Amino acid sequence: MPERTSGPLRVTVIADSDTRWKWGALTARRIAPDARLDARLLRGRATPTPRQLAELGIPADSMTEQTAAEILAETSADNCDVLVISCVGGTIQCFLHGFDRAWRGHPRRPVVVTGYVGVVYEKLADGLLLRAGADVVLANSTDDALRFRSVYEGVGFPTGAIVETALPFLDGAPYRPDGSRPFTVTFAVQPSAPAERPERLYLLRRAVEHARRHPEREVLVKLRSMPGEQTTHIEEHPYQHLMESLEPPANVSLVYGAMGEVLDRTDLLVTVSSTAALESLHRGIPTAVLTDLGIREPLGNHHFLGSGCLASWDQLDDGELPKADPEWTAAHGVATGDPYADLRARVQGLVAAGRLPRLTPYYTLRTAPGYLPGILARQGLDPEGLPAVRAATAGGAGSNRVRKAARRVLRKSARTAYRQGVQRVAPAIRRWGQL
């Protein structure tokens, strides 16, 4: 990175969940391992808990929980050289517009980097266009880079911001069978794939049955979060509670902790479509992507067509170990060498450039007047990218605009209360009713 007279490169990561903090922080480390790392955790439904952050084990020089308006007000070239926005697509769009307004008139601004935290198997066009306008949009594989460019070309948007890398958490020692311990099967669960209780119970029951069929094996059920915690996606039927009705044998265990540590003792990774499959493939561990519930877009396992990893619990019960296709893995981000060299070079050039042009999102009030205002309102921004209340009161605009702004805030608060009821209280009541 370019030399700085005031210390190391300063990278700020905005994240709205535990998984996105992991992706953003590790991306920052890939950009500049010795950078100062500041975390800005967006206050919301999935803000990571202290336990989740401790489990990830990624330290930061500073870490604060803030609203979008607070982040917009306090983040600038005065304290940040590179800004990694690791959030859901709509929130990224809000920050692109919000920072464009906040940084107008400043002689310098941070370099803005964003991307996807895992496998891109749904909402490709929508998600990409919500990210359009950042200085760098990361593609996690050659396949992703080709698809991303196709979308931008299709709407006439420049493709120069797309930079091919790999998922930043693909690391760990190559797989070596270890005869000194039991053969270990890890079922890596997901919060929302599948989402329905009967399908989740089916998969868990099959994992338990696999343990009964193979008492010489250890079966680990790798969990994402504690009951009541939220992750990137909503988990209405936690596997911890589903396990209570199955009476598993002694060779079945529920485990938490870092995925990398679990993979250190895994001989077969089983999942529906988790990015844990890519972590496993990167190490050379036999990896099974389940077909029991079909190969369907909502499950995300269609992403693994051609990988050689698709298999059912029946096949695994019979002792089959899938073998990944090397051409597929190479095209889908499971690569060797240094996939981050282009990213470092791109960021280095932008930082060294000094004054950068304004951020230019694809969505504007001209291209999407019926869509953009609603996206911005979710983070309390008006259609111009300003915090709504401040925009209403600035310059003596009048009591009518103030009342409208107040109503927007009230509606936002009501929606938040409703989401809390749907996502936290209602599932708890349902679980109590099942006791």
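Analyst: The charged end of Lys-22 sits over the ring of Phe-169, 4.6 Å from the ring centre. A charge sits over a ring if NZ of Lys or CZ of Arg is within 6 Å of the ring centre and within 35 degrees of the ring normal. This is a predicted model, where local features need pLDDT of at least 70, side-chain atom pairs count only at pLDDT 80 or more, and totals for chains, interfaces and linings use all residues. Residues are numbered from 1 along each chain as its sequence is written, and side-chain values use heavy atoms, with hydrogens and water left out.

User: Which residue lies over the face of Tyr-116?

Analyst: Arg-131 does, at 3.8 Å from the ring centre.

User: How is a pair of aromatic rings described?

Analyst: By the distance of the centres and the angle of the planes. Rings of Phe, Tyr and Trp (its six-membered ring) pair if their centres lie within 6.5 Å; planes under 30 degrees apart count as stacked, over 60 as edge-to-face and the rest as tilted. The count here is 10 aromatic pairs. In one of them, the centres of Phe-187 and Tyr-239 are 6.0 Å apart and the planes are at 85 degrees, so this pair is edge-to-face.

User: Are Phe-187 and Tyr-239 buried or exposed?

Analyst: Buried means under 20% relative accessible area, exposed over 50%, partly exposed in between (1.4 Å probe, protein chains only). Phe-187, at 1%, counts as buried, and Tyr-239, at 0%, also counts as buried.

User: Which residues form one aromatic cluster?

Analyst: Tyr-152, Phe-157, Tyr-362, Tyr-363 and Tyr-371.
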